[in-house]
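Hi there,

Here is the structure I promised to pass on.

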Amino acid sequence: MALVVHVLACLLGTGSWVAINGMWVELPLIVPQVPEGWYLPSYLTVLIQFANVGPLFVTLMHHCRPGRLSEAGTIYTIVSLGALACVLLAFFWQETSVVGGAARSTALLVLLFFLSLVDCTSSVTFLPFMLRFRARYLTTYFVGEGLSGLVPGLVALAQGAGVTRCVNGSLAGNASGPGLRAEYQPARFSVRLFFLFLGGMMGLCLAAFALLNHLPAARQERAKERFRAQARVEAGSGLQAVVEERPMISPAESRRPSSCFGTGTYSWPQVAYIFLVLAWVNALSNAVLPAVQSYSCLPYGNSAYHLSATLAAVANPLACFVGMFLPNRWAARGLVTLGLLSAAGSGFGCYIMAMAVLSPCPPLLHGPAGVTLIVLCWVLFVGSLSYVKLMIGMILRDEGHSALVWCGAVVQLGSMLGALTMFPLVSVYSLFRAGDPCNTRCPR
């Protein structure tokens, strides 16, 4: 029955960001049909930042009124709200009204705010809830969180969203004259069906959460006091057993000296270091680099862009899956390893950012080497930082419920700072120039 709990934990993780990730990949089909046009991604970025009021409220309630906010009740509320918003989007996303003398997609923007509120708040509610279960299920949850980006991306790819072809402008009646231009291919199924699919995914998330709460098999997999002293010997390793589970932080633990955190394993400087790394990797992976993905890849062609997006999305859950088979209890030197892994991922990110800055004429533009390198950097960037986030989650799980609440808050804080940094650079000052996958005007 443990397999059932793994599936349920994975479905819960998938529901964490599937709605907003699905919205991003569906933009090529939505943008031509709304009055905001290509300003819509900028509006979506701003809405996501406003939606951080959700995790801020939960974190403050946890800190100021511990125990007053029902964790299960909050999760039931936000997941139900997310499912309802997706269904309403399916039928009303094209509805407009006049605001300030201009047509606006009011229904779309309002519902997008609620979806952002749901997904942002999941960061500070889902993780602490998973503390109730044995440690291995937290890894499965992170696999599901990675799938929240991969699954809607694959469905959108099957739909044809964002897939372009190069057509002759003169033959297609292009007023700008002859030459190749990129043209979006028609979708295989409608935007309405895609939003209903997202609503179905949120419904599965809600069902998974209900079963994790009430299914007898799930209750048997809860981390209980008796597991504190339970030990096991790793097969073939010859190592002494490790502590498998720790319960929630107790009142006695909360009164420990200020030099420690949770179990007392880490000093405050080490805790600050962990949270700093967490904020940094989430700023990079959730905001900074995704904002320039098209600039870094499109000069190398559509195939490079789609390969990097798809394989990077695969790298996220794959890194978490690999984490299931690697040690998840790190000694002090593990913090150094975290720093090295985050530095390696940041190095790949620097190459990606350099290619975006040099767009539309980055190096190795002509030939397979440039395509291979940019795709490989995207895969290694996402894979390494996903593994860092997994290991930090495992470390903070051992530090108790409060640590996981702050983990979600720092994830959102890092993502917000990254988005607020990149928004003016990309959307206001236009410091990046897009490459044209159909017309390369750079010297060989």
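Below is what turned up, going from the whole chain to single residues.

First, the ground rules. This is a predicted model, in which local features need pLDDT of at least 70 and side-chain atom pairs count only at pLDDT 80 or more, while totals for chains, interfaces and linings use all residues. Residues are numbered from 1 along each chain as its sequence is written, and side-chain values use heavy atoms, with hydrogens and water left out.

**The chain as a whole**

The protein chain has 16 helices and 6 strands; these are DSSP runs numbered from the N terminus, with helices (H or I) of at least four residues and strands (E) of at least two. Of its 444 residues, 50% count as buried, where buried means under 20% relative accessible area, exposed over 50%, and partly exposed in between (1.4 Å probe, protein chains only). Among contacts (heavy atoms within 4.5 Å) with a separation of 6 or more, 79% link residues 24 or more positions apart. The accessible surface is about 20100 Å², and carbon and sulfur atoms hold 67% of that; areas come from the Shrake-Rupley method with a 1.4 Å probe, and for residues only the protein chains shown count as cover.

**Helix H5**

H5 covers residues 106-122, and its 17 residues should span 24 Å at 1.5 Å a residue (the expected span is 1.5 Å times one less than the number of residues). The end C-alpha atoms are 25 Å apart, which agrees. Because 12 of the 17 residues are buried, H5 is largely enclosed by the rest of the structure. Those buried residues include Leu108, Leu112, Asp119 and Cys120.

Leucine 284 sits in H11, which runs over residues 268-288, and counts as buried because its relative accessibility is 9%. Leaving out residues up to four places away in sequence, leucine 284 touches Leu289, Pro290, Ser346, Phe381 and Leu385. Leucine 284 and phenylalanine 381 are 97 residues apart in sequence, yet their C-alpha atoms are 9.5 Å apart in space.

Asparagine 282 is also found in H11 and is buried, at 2% relative accessible area. With the sequence neighbours up to four places away set aside, asparagine 282 touches Ala287, Lys389, Val411, Gly414 and Ser415.

**Cysteines**

How many disulfides does the structure hold? There are 0, taking a disulfide as a pair of cysteine sulfur atoms within 2.5 Å. For cysteine 10, the closest cysteine sulfur is in cysteine 320, 10.0 Å away, and that is too far for a bond. Cysteine 10 is buried at 16% relative accessible area, and cysteine 320 is buried at 2%.

Leu84, Val87, Leu88, Phe91, Phe92, Leu193 and Leu196 make a nonpolar surface patch of about 580 Å². Patches take residues with over 30% relative accessible area and no salt bridge, joining like charges within 9 Å and nonpolar side chains (Val, Leu, Ile, Met, Phe, Trp, Tyr) within 5 Å; a salt bridge is a side-chain nitrogen of Lys or Arg within 4 Å of a carboxyl oxygen of Asp or Glu. Helices H4 (71-92) and H8 (191-214) each supply at least two residues of the patch, and H4 gives the most, with 5. Leucine 193 is found in H8 and is partly exposed, at 47% relative accessible area.
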